Amino acid sequence: MTEASSAGTRTPLWLQGGFRLLFLGGAAWALIVVTLWVGVLDGFWTLPTAMAPLAWHQHEMLFGYLGAVIAGFLSAAIPNWTGRPIATGWPVAAFVGLWAMARIAVLFSASISPVLAAVLDVGFLLMLFGYAARQIFAAGNRNKPILIVLLLFAVACGLDHAAAMGLTGDPAIGMRAGFALVLFLIAIIGGRIIPAFTRNWLVKKGDAQALPILANRFDHALLAITAMALAGWVFASTAHPVASLLLVAGLLHAVRLTRWAGLRTTADPLVFVLHVSYAWLPAGLLLLGAAILWPIVPASSAMHALGAGAMASMTLAVMTRATRGHTGHPLEADGATVAIYALVNLGALLRVAAPLLSFDYMLSIHLAGGLWASAFLLFILVYGRMALRRPAGAHA
């Protein structure tokens, strides 16, 4: 059922496509998680979760926030990939409701039940996998490899819950696995959309000289090396051979980025931000490999380059573009959108640099968190109206 169908017009706008509520809910949850985490660091409160506070913070940013954004992206992208109708109505409400119940259950798992929280949390991701698999297989679509990543992401979520219950030998293996899978998704999907959007924009502007290079054997080899490096990090996070693979992967991703002509897109923030966001991936991989080999490099800087940088910046770039594209708004970045991009990247940069700065560490953490959270607050305020209201002149 598409938004343009007569049936779709009888469905409330906020239930026409899961991306509307999932993007907004994910952004709101990121804002809440950062606020609660900073409050814990300051000693203002304790969290009612059965997880350790740091483990909860990592879990909710990874499987809570990113789980919602991945689901929102797929709810908008799969109909384009397959030509099948977009989901609307009560299935959207039930799906978003399950995500919200999982967030509440994990937060209050000390008094509810860690097992129930795990069931709801993993259940949401398995439902996402089931929806994507049904649509992709029914259409014979080529995106079947993404299904493997989705299924493994659900497994990683389960492992992270098991680790919190003391059931795994390595308490961080689920977190590392989920982290690695999201980074691999960025490498796959970013490698498709960034050169394609850049090429389309350059052609439209009449700049058809030396267009971005689309995926070829170099990209296939790069993805294979990245998969090996990330898998090695998941299972042997301190091994020096793994560090070497991470460094090689980081360098190759930097080379890949130079093939996409990003510096020629500065006039269009919607396109240019994709290049900036992707740049965090090679930077983070290089920092991660360096942190294993040389302890003087803070591991926290590497993790935040990949999380607060690559993941948050890329997801906001995709969320803003997808919301505009699927709600009938022009694909143009206004001042508020540019501010969103600036805030999230400045917040990430300050958080990465925090251990190396000469002024108070906690002050830098607060400043970074404030900048970063402001990006999500601004997204909610600006893009919430786009997602939940019809553009001027549109018919119901």
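Okay, let's start with the space inside this thing: the largest pocket holds about 750 Å³. By pocket I mean an open set of points on a 1 Å grid over the protein atoms alone, with protein on both sides within 12 Å along at least five of seven lines. The volume is the space filled by probe spheres set on the points, and grid points are joined across faces, edges and corners.

Quick word on what you're looking at. This is a predicted model, where local features need pLDDT of at least 70 and side-chain atom pairs count only at pLDDT 80 or more, while totals for chains, interfaces and linings use all residues. Residues are numbered from 1 along each chain as its sequence is written, and side-chain values use heavy atoms, with hydrogens and water left out.

Back to the pocket. Which residues lie nearest its centre? They are Trp-37, His-57, His-304, Ala-308 and Arg-351, out of 29 lining residues, where lining means having an atom within 4 Å of a point. The helices α2 (19-41), α3 (53-82), α7, α11, α12 and α13 (361-388) each supply at least two residues of that lining. When I say helix, I mean a DSSP run of H or I with at least four residues, numbered from the N terminus.

Now the closed kind of space. A cavity is a set of grid points where a 1.4 Å probe fits but cannot get out. Counting those of 30 Å³ or more, there is one cavity. About 270 Å³ of space lies in the largest cavity. Its lining has 17 residues, and Ile-70, Phe-73, Ile-186, Ile-189 and Thr-315 lie nearest the centre. Helices α3, α6, α7 and α11 each give two or more residues to this lining. Which of them gives the most? That's α7, with six residues.

On to charges. Side chains of opposite charge can pair when their charged atoms come close. A salt bridge here is a side-chain nitrogen of Lys or Arg within 4 Å of a carboxyl oxygen of Asp or Glu. How many turn up in the whole structure? Seven.

Take Arg-176 and Asp-170: their closest N and O atoms are 2.5 Å apart. Are these two buried or exposed? Arg-176 is buried, at 7% relative accessible area, while Asp-170 is partly exposed at 28%. The cut-offs, with a 1.4 Å probe and protein chains only, are under 20% for buried, over 50% for exposed, and partly exposed in between.

Then there's Asp-207 with Arg-264, at 3.1 Å from N to O. That pair links distant parts of the chain, 57 residues apart: Asp-207 sits in the loop between α7 (173-204) and α8 (217-235), and Arg-264 in the loop between α9 (240-258) and α10 (269-293). Both ends are partly exposed, Asp-207 at 26% and Arg-264 at 30%.

Most residues other than glycine have a negative phi. Ala-210, in the α7 to α8 loop, has a positive phi near 50°. Ala-261, in the α9 to α10 loop, also has a positive phi, near 55°. Ala-210 is exposed at 64%, whereas Ala-261 is buried at 14%.

One more salt bridge: Asp-334 and Arg-324, with closest N and O atoms 3.3 Å apart. Asp-334 is in the loop between α11 (299-326) and α12 (335-353), and Arg-324 is in helix α11, 10 residues away. Arg-324 is buried at 4%, and Asp-334 is partly exposed at 32%. Elsewhere, salt bridges that share partners join Glu-60, Arg-103 and Asp-121 into one network.

While we're around α12, look at Ala-336, which is found in that helix. Ala-336 is partly exposed at 23%. Leaving out residues up to four places away in sequence, Ala-336 touches Leu-378 and Val-382, where contact means heavy atoms within 4.5 Å.

Last stop, the surface. Leu-126, Ile-148, Leu-151, Leu-152, Val-155 and Leu-159 make a nonpolar patch of about 490 Å². Patch residues have over 30% relative accessible area and no salt bridge; nonpolar side chains (Val, Leu, Ile, Met, Phe, Trp, Tyr) are joined within 5 Å, like charges within 9 Å. Areas come from the Shrake-Rupley method with a 1.4 Å probe, and for residues only the protein chains shown count as cover. Where does the largest share of the patch come from? Helix α6 (residues 144-164), with five residues. Leu-152 lies in that helix and is partly exposed at 43%.
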